[in-house]
Amino acid sequence: MWSWETAREGLPVVLSGFRTTLYATVLGSAVAISLGLVLAVIQRTSTRWIALPLRWAADFIRSTPVMIQLFAAWVLVPGLNALTLGIVVLGVHYATYTSEVYRAGIDAVPKGQWEAAVSLSLPRRRVWRAVVLPQAVRNVVPALGNYVISMFKETPFLSVIAVQEMVHRANEFGSVHFAYLEAFTLAALVFLLASYPTSVLMRRLENRLAR
């Protein structure tokens, strides 16, 4: 049976976990977005002896559950802070997805832009920095935003390595007060209130960039 009094008592506990969830999402997204760009450029510009192993590694990471990757990293790197480890694993996992997003954005740059840059004898590094990447990144911003939202919703997996994110804290409160209904409902509402407006913003941004 639902209890408003228990819900009011549990809200601060859930929100304390939300701070950890948000922290992990922001830093994990920064890792994913920056590392994904590096991977995309390396795979596009390097020799196949470098690009192919990176592609195989990215395929392996994408093909295995993030929960297993978290647990494996926790076992293999026992001395690292759990939250830091979780952020790195989430960031690397999602970098394999964002690299594909960047690759699609780079491929979408009109061929004429490349040819014009070559005809002007621009250095290769400047072609990427001033011509290709600004256009590619602009095209993929909405997709990157969607992956940030996905990462936010997958932060509960951090609980497998004892990170006290929001769902972990809700579970603790529920077990102590025998109030799992209130605890997990509050966590779900916080996830909804945080992710839905962001999803709407990403759709509007996508529509604006498409004009």
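**Close-up 1. Phe 18 and Phe 152, a buried ring pair.** Both Phe 18 and Phe 152 are buried (under 20% relative accessible area, with exposed meaning over 50% and partly exposed in between, for a 1.4 Å probe and protein chains only). This is a predicted model, so local features need pLDDT of at least 70 and side-chain atom pairs count only at pLDDT 80 or more, while totals for chains, interfaces and linings use all residues. Residues are numbered from 1 along each chain as its sequence is written, and side-chain values use heavy atoms, leaving out hydrogens and water. The rings of Phe 18 and Phe 152 sit 6.3 Å apart, centre to centre, with 90° between their planes, an edge-to-face pair. To count as a pair, rings of Phe, Tyr or Trp (its six-membered ring) need centres within 6.5 Å; planes under 30 degrees apart are stacked, over 60 edge-to-face, and the rest tilted. Phe 18 belongs to helix α1 (residues 4-45) and Phe 152 to helix α6, so the pair ties together parts that are 134 residues apart in sequence. Helices here are DSSP runs (H or I, at least four residues), numbered from the N terminus.

**Close-up 2. Phe 18 and Phe 152 again, now with Phe 191.** Ring pairs join Phe 18, Phe 152 and Phe 191 into a cluster. Across the whole structure, a search turns up eight aromatic pairs.

**Close-up 3. Tyr 94 and Tyr 97 on helix α4.** With ring centres 5.9 Å apart and planes at 45°, Tyr 94 and Tyr 97 make a tilted pair. They are three residues apart in α4, so about one helical turn separates them. Tyr 94 is buried, at 4% relative accessible area, whereas Tyr 97 is partly exposed, at 23%.

**Close-up 4. Helix α2 meets helix α4.** The axes of α2 (residues 48-62) and α4 (residues 82-107) come within 9 Å and cross at roughly 120°; they are lines fitted to C-alpha atoms over the stretch in contact, and angles run from 0 to 180 degrees between N-to-C directions. On the α2 side, the contact (heavy atoms within 4.5 Å) uses Ala 58, Ile 61 and Arg 62. From α4 come Val 92, His 93, Thr 96, Tyr 97, Ser 99 and Glu 100.

**Close-up 5. The buried side of helix α3.** Look for Val 66, Gln 69, Leu 70 and Ala 73, which are buried in α3 (residues 66-76). They span an arc of only 100° around the axis, so they end up on the same side of α3; the arc is taken from the directions from the helix axis to the C-beta atoms. Their cover includes α2, α4 and α6 (124-154).

Methods:
Helices (H or I, at least four residues) and strands (E, at least two) are DSSP runs, numbered from the N terminus.
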